[in-house]
Amino acid sequence: MPPVEFVLIGGLAALVGAIVQGSVGLGVGLVATPIVTMLFPSLMPGAILVIALALPFATLAQEVRHADLRGLGWAFAGRLAGTPAGVWLVAAAPDRVLGVVIGVVVLAALALTTWTADLPRNRRTLATAGVISGTTGTASGIGGPPIALLYQRESGPRVRATLAVFFIAGALLSLLTLAAAGRLPARQVVAGVELVPFVFAGFLAAGPLRRYLDAGRLRVALLAVVGTSAAVLIVRNLF
């Protein structure tokens, strides 16, 4: 069983992350991963992947009709290719190096969207984002930013529903791959299940914020979440 302090601290992080993801489309992994990695490294990445699998079902219950399933086909192909690389990183890379690399990759993608007036969303960019997401998502539980950046100019329901479908398939793939490679201890899965009630509570609490952001404010909030998460990862692993 996970320690009581994990349920309390990890539960609070999952609650806040779920509020962010319930309104922006991603965030539960971005908020919870640095905290769980720093305080309870033995429970990573399985615990975060479990809640990353659970939360999107709440989003789809409300907004499934808005999901871009056609575009996600290419992203899924990329995620499938990137997942084994993530498993390899879990086994081979030092935690600090991995955190810095993931943060730099996310910041580079964010900078690209700043310098480019309209980042194209096509087969090539979707597949590339899927590869990066598969690698970083499996290794750290943070796989949303590459896909989120491609959909940043879409409506709130479309962003959230599309990311929700991607998160479900991606988290399930990562969990199964880690298990097959012997890198998913049962204690990580149990720890993730302990956090699920906090995740659903956070999603319910996100309702008012979701409506506020959908009034033309979602893109700024999404980019802020992505940039902050990358900066936190880099700083935490450098010092």
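The model is a predicted one.

**Asp68 and Arg158.** I looked up this pair, and its closest N and O atoms lie 3.5 Å apart. Aspartate 68 sits in the loop between α3 (46–63) and α4, and arginine 158 sits in helix α8, so the bridge ties together parts 90 residues apart in sequence. I checked accessibility too: aspartate 68 is buried at 12%, whereas arginine 158 is partly exposed at 26%.

**Glu154 and Arg121.** For this salt bridge I read a closest N to O distance of 2.9 Å. Glutamate 154 belongs to the loop between α7 and α8 and arginine 121 to the loop between α5 and α6, so parts 33 residues apart in sequence are tied together. Both ends came out partly exposed, glutamate 154 at 27% and arginine 121 at 31%.

**Arg160 and Asp214.** The closest N and O atoms of this salt bridge are 2.8 Å apart. The pair links helix α8, which holds arginine 160, to the loop between α10 (207–213) and α11, which holds aspartate 214; the two are 54 residues apart. Arginine 160 is buried at 2% relative accessible area, while aspartate 214 is partly exposed at 35%. I also noted that salt bridges with shared partners join Asp68, Arg121, Glu154 and Arg158 into one network.

**Cores.** I then turned to the largest nonpolar core, which has 39 residues, with Val24, Leu26, Ile147, Leu163 and Leu222 making the most contacts inside it. Helices that each supply at least two of its residues include α4 (69–92), α8 (156–180) and α11 (218–238). Another core, of 28 residues, lies apart from it and has Ala13, Leu43, Val87 and Val199 among its members.

Key: Residues are numbered from 1 along each chain as its sequence is written. This is a predicted model: local features need pLDDT of at least 70, side-chain atom pairs count only at pLDDT 80 or more; totals for chains, interfaces and linings use all residues. Side-chain values use heavy atoms; hydrogens and water are left out. A nonpolar core is a set of buried Ala, Val, Leu, Ile, Met, Phe, Trp, Tyr and Cys residues joined through side-chain atoms within 4.5 Å. Buried means under 20% relative accessible area, exposed over 50%, partly exposed in between (1.4 Å probe, protein chains only). Helices (H or I, at least four residues) and strands (E, at least two) are DSSP runs, numbered from the N terminus. A salt bridge is a side-chain nitrogen of Lys or Arg within 4 Å of a carboxyl oxygen of Asp or Glu.
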